[in-house]
Amino acid sequence: MIDRGLFRSAGFRFGAIYALLLAISATGLALFLWWATAGLLERQTQAAINADAQGLSERWAEGGLSALIVTIEDRLAQNVDDDAIYFLADRNMRRVAGNLERWPSNVTTQGPLYELQVMRAGLRSLANVQRYDLPGGFHLLIGRDVQVRAQLRGLLTDAMLWALLVVMLMATAGALVVRNLFRRTIANISATTAAIARGDLTKRVTVAGRGDEFDQVAEVINDMLDRISRLMDGVRQVSNAIAHDLRTPITRARTRLEDALLHADTPEAMRAAIERATADLDGIVAIFQALLRIAEIEAGSRRSAFTRIDIVPLLAEVEDLYGALAEEHGISLVARTPAEAPAYGDKALIQQAVANLLDNAVKFSPQGGTVRLTATVGATVNITVSDQGPGIPPEERAKATDRFYRGESARSTPGSGLGLSLVAAVAHLHGGELRLEDNHPGLRAVLVMPTPEEAEPRPAALQPNHDFIC
Amino acid sequence: MRILVVEDDKDVAGFVVRGLREAGHVVEHADNGRDGMFLAASESFDAVILDRMLPGGIDGLKILETLRAQKNAVPVLILSAMAEVDDRVKGLKAGSDDYLTKPFAFAELLARVEALNRRGKGEGPVTKLVVEDLELDLLSRQVKRAGQKIDLQPREFRLLEYLMRHAGQVVTRTMLLEGVWDYHFDPQTNVIDVHVSRLRQKVDKPFPTSLIHTVRNAGYMLRAEQP
């Protein structure tokens, strides 16, 4: 009863791999054991026969047939284990000396080691023998009784066959355990993602806290989900904004046009009304553009333009652009930057973010006030713009970067309420944040970015510690 | 200038064609990609205004790429509703000289198209720009008016250089921001006006006649005072 999906299941695959590996390892171990026991005994037998042959051939060379016969008798007498087999035969294969009754008929050539049944002292036994032909037509048979060894080998074989069965059972059981473990670990992730797919964006993958690979995956998935829900919130915010906040300027433009249609008596009045309505529409377009740009930045697609940059010349340019404006408003713009401040990011976006901050600072500073633009490099790269305007009360700071949010003190000044949203979006894109602080009096806006060493993507695909910045 | 407008939206096309003709240009119009491609490839124009999304199976970028592949260097301005930075980059990479997003003010379009005009611009690098009694030396980076030396900050120098290179043409605030500061966004406050007004203090104020003029609802123009 194997269902078709079984082979496609990763859990099953892992289980099968486990079983296969176990089987291969067990077989390897068995082969080694065989080689080290039964194989060793066989090699010992061969070595003993060789040693005997060496000794006997020396005796033959020294003393001829009689010396050989004496030596064979001696050795048989001294053989405590009673496992030695010698048989010396003449040219007619008749017995001259030795402890076998007759020459085994199937031992016909020199060289190979024969394994055969022999009759010894009226008992059947198993022996390994080797034949040596001597000068003068004599034949010598040297061997060892291996009956005990054969029994041992049989025991080993039996044990290994049983072991094979045990290994198969263990492999199957282990495979099931591995598969279930895998399933259980994945179940957490798949249940969460399934819930997300159904539309429940609040679910998160449980992090076991072991800091292992599964935890890393879980954390990456959770980061991804956080980001998706942030983006979704952004989309919701934008649609709400379009529904409510754009209604006001659109109403104004529409009213102007309708009013002109109904009440404008002169071509000049008509022209003036149309011009003002066009300006209103331009304002609406500008808001749209700002919204789209923020959305584009938040989508993260602009990270392709990231390079290593020095923000000092970049700040000098923005300072140059706004210095004249500040002076015009009777405000002094003071910049203090280090010799260099390397960062990793999109030059145009950072420029626009700083421009937005300066724009606000100049707009809200009182006459005679000072706007400071500073950059510091430490654990992070900070760009600070501080003014002496009304500032943002602490309770409003969290909301200040929301789209279309305009503080109480900003209601009377022109603006769309998108400036800080863009700065915050740029900061997030760079893996940093926008901090709004009290300047006593005024506002201090700090654009915090990671150092290039930290921000630049490293070649490794997966970091050992999961410091993924989203 | 002889200008080709490739634009499928009747209202936009009618408005642009009428406006360009009123400004004294000769205008041809194509309302689909196929005709646009044919006209652009077979006739000679001083500038082409190209919409990106066109009916007829051939879009604006395709026309542009074909022209550039044929070594046709006619100045092209893309006029498109596709406003993302990537779209803009794609357009400029395909070989367009300028990129303007819809909706647009006609004054902006006109100024940009006229700035594309390469006619009358001599070969080789220019070393000196002269308008009336105002002289700007690009090599020694000196500015003189009526023989009198004017001290300018580096940025003011570049601003004046840009205005003088486009002498007699309307230059919009966005063009200045892009051309002089290389900024591709609109600041909320009009910082450009402040810079132009400072330049005027130095270049126009001490002299009997003004060269830098404000063009209402459009931008600025540097030209000799009309008699």
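Helices (H or I, at least four residues) and strands (E, at least two) are, throughout this talk, DSSP runs numbered from the N terminus. With that settled, let me start with chain A of this predicted model, where residues 159–178 are 100% helix and 0% strand, with the end C-alpha atoms 27 Å apart. Residues 12–36 of chain A are likewise 100% helix and 0% strand, and there the end C-alpha atoms lie 36 Å apart. Both stretches carry the annotation "transmembrane region" in an unreviewed UniProt entry; such positions are given in the numbering used here, feature names are shortened, and annotations may be inferred rather than shown by experiment.

A word on conventions. Residues are numbered from 1 along each chain as its sequence is written, while chains are lettered from A and ligands numbered from 1 in the order in which they are written. Local features need pLDDT of at least 70, side-chain atom pairs count only at pLDDT 80 or more, totals for chains, interfaces and linings use all residues, and side-chain values use heavy atoms, with hydrogens and water left out.

On confidence, the predictor gives the complex an ipTM of 0.82 and a pTM of 0.63. Chain B averages a pLDDT (the predictor's confidence in each residue, from 0 to 100) of 88, and 96% of its residues score at least 70. The secondary structure of chain B comprises 8 helices and 12 strands.

Now to the interface. Chain B contributes 20 residues and chain A 24 residues to the contact, where contact means heavy atoms within 4.5 Å. Between them the two chains bury about 2,100 Å², 51% of it on carbon and sulfur atoms; buried area is the accessible area (1.4 Å probe) that two parts lose on being put together, summed over both. B:Y183, B:F185 and B:Q188 supply 27% of the area that chain B buries against chain A, more than any other three residues. The rule finds 3 salt bridges across this interface, each a side-chain nitrogen of Lys or Arg within 4 Å of a carboxyl oxygen of Asp or Glu. One of the salt bridges joins B:R198 to A:E327, with the closest N and O atoms 2.4 Å apart.

Finally, some backbone geometry. Most residues other than glycine have a negative phi, and most peptide bonds are trans. A:P441 sits in the loop between strand 11 (433–438) and strand 12 (443–450) of chain A. In chain B, the peptide bond from B:K102 to B:P103 is cis as well, with omega near -5°.
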